[in-house]
Amino acid sequence: MTIRVSSTVPSGADVVADIERRSGERVSACYQCGRCTSTCTGAFAFDYPPHRIMRMLQLGQVDEVLNSRTAQICYDCMTCSTRCPMNIDVANVIEHAKMIADERGIEGDEKEIRLFRLAFLKNVRRYGRLHEARLLTWINFRSFRPFNDISLIPLILRRKKIHIVPPRIKNRNEVHRIFREINGGDKPE
Amino acid sequence: MSDARKMSVAVKAGVEERNADERNDGSRNVVPRNDSYAYFPGCSLTSSAGEYDASFRLVAKELGIGLDEIPDWNCCGASPAPHHWGGNLGVLLPARNLHIAGYAHDAMVAPCAGCYNRHKNAQHELAGSEEIREQATRVLRQPVRYEIEILNLVELFDREVTPEALAERVQGRLAGLNFATYYGCLLTRPAKIMNFDNHRNPVSMKPLLMATGANADHFPFKSECCGSYMGLAHKEIVLRASRRIIDVADGLGFDAIVTACPLCHQNLDLRQGQINKAFGTNIEMPILYFSQVLGLALGLSADDLGIDSHIVSARKLLAKIGQGAADGDERSITTNNSQGIQKTAESGASSSNARVAGEG
């Protein structure tokens, strides 16, 4: 086991304060009971389980948190937040870490999740609604796994669970304006 | 002219009228308020969860609940919007729907737990920040309306139907069944924003289910996560998380899991075969939508409610309540349904009409 010593404590404190301010949660209140981790459905796929993320933030190890797979993967089911005896919304803390990582342009290793979120939003930007068929095929090809979930396709088609023609809303301009308002209308990847 | 189109014309006319009126006396509520609910189907209900939409419309019609689809609604942004590009994308996308819905309605219903969650969250953010309200107003080019009451499907039925009235009407039609009530994450969390039911031990589905004559014993995994939208990027998370849920429900002898979320349904139903394969199990646990169960209780046909569009067959369950045959292969059930069920269903004619309306 390696023990990594972070050198980012001074600047880390600012980021932790920022997370606390934006999320409205008190990171310092965590006393490491580990209940969040015991209830987390994704912890086995994370590099740091939720209670360790809390501890790392308390210690100012911000770089590790922002670059962690946890911050990229966590899908915000909020089970940890429901169980916390100190009423800390742990998922909210992780979500704000994720947002800050995103603002800093930290991409991380979880390319496929990034790809999914991006593909989803581009799809919505284009049609105003989600076109599931396009999203699924696009993701499979972009992630170079064209046969991912191929076994589901006959099931989906047989049950007529998908639209071939994309749904479009009429006032797409308004939706485009929303996207422009957020990111200036450029095409962020 | 479809209802949605009628409404969008009405909205345009109304907006002009309202603008004129605001110039005169500044009053906002010049539109006659509407007793029916603004209905936000959401993307899933228009495609992969079409049976949720169809069964919801049918049951609402049967119970005399008026639904007006929000004209030209857009995707709420789901989970990716707040998780990507930071900013307030996850607030502004739902804000447009709230704004349109609030024009003529005091309450809206979003049966998809994800949409319900995003809209309520957006409302909370809008109420709490002048800056976000300004942003929304800039995008919509009108002062944003966001105060509309947002209900999920369970909440709506709870309000519109008392368990006593339902029990009276259905006469124990679903007696002998035992449903696992599964709430998942997004209906109740985060508790301080959703403000719905008990977020640690939600119970809101139970009274109406019990009123159908069925049982709804305690399901310990009722608020566990199914793995959310990780199906594409991290399938192993979904398979593991969903397996625990169906495994426990199976072990406790439930007839079906009842859910009110299309994504939970997708993970538990569509991927049940993958789960069985990955873990060497042989579970066959039907996953039903809350609206489908109420529909069955009201005597609507399983066919119209879209129960045969699920991957895991519910034929054993249907046989228990006298709909469909217990054995025979799936295909024969599906084709027989249209004739066989019509005979047993008391409201076969009205429900097939409503189905056309549901598809329109």
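Trainee: What should I know about numbering and confidence before I start?

Mentor: Residues are numbered from 1 along each chain as its sequence is written, and chains are lettered from A, with ligands numbered from 1, in the order in which they are written. Since the model is predicted, local features need pLDDT of at least 70 and side-chain atom pairs count only at pLDDT 80 or more, while totals for chains, interfaces and linings use all residues.

Trainee: How many helices and strands does chain B have?

Mentor: Helices (H or I, at least four residues) and strands (E, at least two) are DSSP runs, numbered from the N terminus. Chain B has 18 helices and seven strands.

Trainee: And what percentage of chain B counts as buried?

Mentor: A residue is buried if 20 or more other C-beta atoms lie within 10 Å of its own, exposed if 12 or fewer, and partly exposed in between, with C-beta atoms placed from the backbone. Of the 360 residues of chain B, 56% are buried. L136(A) counts as buried because it has 20 C-beta neighbours inside 10 Å.

Trainee: Which residues have the most contacts inside the largest nonpolar core?

Mentor: A nonpolar core is a set of buried Ala, Val, Leu, Ile, Met, Phe, Trp, Tyr and Cys residues joined through C-beta atoms within 7 Å. The largest one has 151 residues, and M108(B), F179(B), A256(B), I257(B) and V258(B) have the most contacts inside it. Helix α5 (residues 89–101) of chain B gives the most to this core, with eight residues. Leaving aside residues up to four places away in sequence, A256(B) touches F179(B), M285(B), P286(B), I287(B), L288(B), A314(B) and L317(B).

Trainee: How do I describe two packed helices?

Mentor: Two packed helices are described by the angle between their axes and the distance between the axes. Axes are lines fitted to C-alpha atoms, for helices over the stretch in contact, and angles run from 0 to 180 degrees between N-to-C directions. The axes of α5(B) and α6(B) come within 8 Å and cross at roughly 100°. So α5(B) is roughly perpendicular to α6(B) (under 35 degrees is roughly parallel, over 145 roughly antiparallel, 65 to 115 roughly perpendicular and the rest oblique). Among the residues making the contact are P94(B) and L98(B) of α5(B), and A122(B) and L126(B) of α6(B).

Trainee: Into which domains is chain B divided?

Mentor: Domain bounds come from an automatic or database domain assignment. Chain B has domain 1 (3–151) and domain 2 (169–347). Their contact takes 23 residues from domain 1 of chain B and 24 residues from domain 2 of chain B; two residues are in contact if their C-beta atoms, placed from the backbone, lie within 7 Å. On the domain 1 side, α3(B) gives the most, with nine residues.

Trainee: How many residues of each chain are in contact between A and B?

Mentor: The contact joins 47 residues of chain A with 47 residues of chain B. On the chain A side, α8(A) supplies the largest share, eight residues. That side divides into 23 nonpolar, nine polar and 15 charged residues. Here Ala, Val, Leu, Ile, Met, Phe, Trp, Tyr, Cys and Pro count as nonpolar, Asp, Glu, Lys and Arg as charged, and the others, Gly among them, as polar.
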